Amino acid sequence: MVFPFSSVFDFAVEMKEEYEIFRKSVRAFAEKEIEPLVKEIERTNTIPPALLKKAAEQGYLGLGIPETYDGQGTDMMYSTLFVEEVSRICPAFTVATLVGVLFTYPVMVYGTEEQKRKYLPPIARGEKFAAHATTEPGAGTDVAGIETTAKRKNGGWEINGRKYFISGADKADYFIVLARTSPPPSRKERHKGLSFFIVERGTPGFRVGEKIEVIGIRGSHPCEVILDNVYVPEENMVGEEGQGFKIAMDTYDHGRIGVAAQAVGVAQACLEKALQYSLQRRVFERPLIYFQAVQFHVSEMLTMLEGARLMLYWATTLANKNRPEAVMAASMAKLYATEVAEKAALKAITVHGGVGVATDGMVERFLRDSQVFKIYEGANDIQKLVILRQMMKTAFGMDVD
Ligand SMILES: Cc1cc2nc3c(=O)[nH]c(=O)nc-3n(C[C@H](O)[C@H](O)[C@H](O)COP(=O)(O)OP(=O)(O)OC[C@H]3O[C@@H](n4cnc5c(N)ncnc54)[C@H](O)[C@@H]3O)c2cc1C
């Protein structure tokens with residue numbers, strides 16, 4: 001019984017030799033270039049710009065962007081493997097690339113040719129950075145509840161509002177901003193009347209406000225963004241007027257595979273660290289690994305990790321094929337993998353004993369990171385709603401609100 005899917009082929013994970021070659025090159029990059037700087041990144045809460053430059057030189061900032069726009073022309077599996085391998089060392093580093101996708105994906109899918117030619121190449125080359133601004137102080141999950149407005153003025157649009165928790169805003173050059181362009185036709189249709197606009201840093205009235213300190217993914221700090229009578233020309237609208245909600249949902253459906261990949265990378269790191277420590281740490285005259293309770297922790301971590309990894313690769317395979325089931329699979333992968341990352345981090349702390357809770361021990365950071373994974377790109381309880389709705393749609397063609 002494969003319900004709600006159609007056949008066993010729906011569970012295929014498609015891999016090829018090039019993916020493995022690429023994965024190894026990313027691992028080598030992460031271990032050589034990022035790992036020596038992890039403590040500094042945690043301490044300063046900043047990714048050194050020189051490190052991003054090195055990643056750009058490797059073409060890592062152009063993953064998923066077509067070659068016509070100076071990108072690597074790679075499919076989703078490359079992006080998944082990149083995020084997983086780098087997150088094994090430093091998940092915060094991948095936030096820069098993931099929020100970039102929350103800008104480049106809507107521009108690639110819904111943008112005009114002019115927008116693609118103007119914005120994608122400098123991002124792909126790592127010369128410019130991008131951010132995605134939907135969340136506001138009064139609206140996160142409830143995207144339709146945003147209060148930022150865009151009103152027609154002099155042939156363009158004037159945007160007013162305040163965005164909150166915007167990752168990478170401190171260094172971004174381009175922002176994709178969601179605003180209300182017309183009142184909702186009814187309470188039931190609150191999602192109507194929203195539109196996306198590109199706003200460039202330096203536009204009069206646009207300002208990046210306070211940094212928000214969060215417990216995890218140190219190195220990437222979200223910020224407040226203020227839009228005070230910001231004028232943008234008509235050509236800065238992404239997609240059609242009123243299509244904003246649909247574009248946002250499509251973008252998050254696509255983007256949340258990246259969060260699952262971050263979580264798998266972190267769970268992998270927890271397993272490796274716990275295993276390494278249990279082999280070298282001696283208690284009662286033997287290495288920790290000889291004690292059955294520790295063996296149980298390690299084998300449970302490995303089992304959960306591989307389950308999460310398979311779900312991640314499966315969701316990526318479905319997304320690569322543009323299959324509609326990819327939405328449900330991505331939500332399941334995000335939900336499961338982020339909870340696995342949390343459990344793996346707790347187990348890694350337990351196996352490490354005191355060292356596990358030392359703040360310079362570099363183990364506890366994974367627990368803090370996992371808490372952020374569970375919230376952004378749609379909190380995990382919201383993933384449960386998405387999964388249920390997608391299941392009803394796939395199996396019965398039924399819309400459940
Ligand atoms: C580190 C970080 C970086 C971020 N980066 C960005 C960014 O770059 N751009 C951007 O636009 N946003 C960003 N966000 C915002 C993020 O997407 C939101 O925090 C997230 O969508 C949740 O919204 P909220 O915080 O307003 O929580 P709320 O929407 O207020 O929800 C609070 C809790 O209630 C639960 N809940 C809400 N509605 C329901 C429901 N219908 N049923 C059941 N439970 C529900 C949620 O699951 C959640 O646990 C970031 C957040 C963080 C923490």
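**Exercise 1. Strand pairing**

Which residue in S3 is the bridge partner of Lys-151?

*Solution.* The model is predicted: local features need pLDDT of at least 70, side-chain atom pairs count only at pLDDT 80 or more, and totals for chains, interfaces and linings use all residues. Residues are numbered from 1 along each chain as its sequence is written.

Step 1. Glu-158 in S3 is the bridge partner of Lys-151. Strands (E, at least two residues) and helices (H or I, at least four) are DSSP runs, numbered from the N terminus.

Step 2. Strand S2 covers residues 149-153 and runs antiparallel to S3, with five bridges joining them. Two strands pair if DSSP finds at least two bridges between them.

Step 3. S2 and S3 form a hairpin, with two residues between them.

Step 4. S3 also pairs with strand S7 (residues 222-233), in the antiparallel sense, over nine bridges. Here Lys-163 has Val-225 in S7 as its bridge partner.

**Exercise 2. Backbone exceptions**

Which non-glycine residues have a positive phi, and where is a cis peptide bond?

*Solution.* Step 1. Most residues other than glycine have a negative phi, and most peptide bonds are trans.

Step 1. Asn-154 has a positive phi of about 45 degrees. Asn-154 sits in the loop between S2 and S3. Asn-154 counts as exposed because it has 9 C-beta neighbours inside 10 Å. The cut-offs: buried means 20 or more other C-beta atoms within 10 Å of a residue's own, exposed means 12 or fewer, and partly exposed lies in between, with C-beta atoms placed from the backbone.

Step 2. Phe-284 has a positive phi near 45 degrees. Phe-284 lies in the loop between strand S9 (282-283) and strand S10 (286-287). Phe-284 counts as exposed because it has 7 C-beta neighbours inside 10 Å.

Step 3. The cis peptide bond joins Phe-3 and Pro-4, with omega about 5 degrees. Pro-4 is in the segment before helix H1 (17-34).

**Exercise 3. Annotated spans**

What are the helix and strand contents of residues 17-127, 132-230 and 242-391?

*Solution.* UniProt positions follow the numbering used here, feature names are shortened, and annotations may be inferred rather than shown by experiment.

Step 1. UniProt places "domain: Acyl-CoA dehydrogenase/oxidase N-terminal" (unreviewed entry) at residues 17-127. This span is 70% helix and 0% strand, with end C-alpha atoms 30 Å apart.

Step 2. UniProt lists residues 132-230 for "domain: Acyl-CoA oxidase/dehydrogenase middle" (unreviewed entry). That stretch is 0% helix and 48% strand, and its end C-alpha atoms are 16 Å apart.

Step 3. For "domain: Acyl-CoA dehydrogenase/oxidase C-terminal" (unreviewed entry), UniProt lists residues 242-391. There the chain is 79% helix and 3% strand, with end C-alpha atoms 27 Å apart.

**Exercise 4. Helix H4**

Is H4 mostly covered or uncovered?

*Solution.* Step 1. Helix H4 (residues 76-87) has twelve residues and reaches 16 Å from first C-alpha to last. This is close to the expected 16 Å, which is 1.5 Å times one less than the number of residues.

Step 1. H4 is mostly covered, with twelve of its twelve residues buried. Among them are Tyr-78, Phe-82 and Glu-85.

**Exercise 5. Ligand shell**

How many residues surround the ligand? Trace their origin.

*Solution.* Step 1. The shell has 21 residues, and the closest are Thr-135, Gly-140, Thr-141, Ser-167 and Ala-379. Strand S1 (130-133), strand S3 (156-167) and helix H12 (380-396) each give two or more residues to it. A residue is near a molecule if its C-beta atom, placed from the backbone, lies within 6 Å of it.

Step 1. Domain 2 (131-242) and domain 3 (246-396) each supply at least three shell residues. Domain bounds come from an automatic or database domain assignment.
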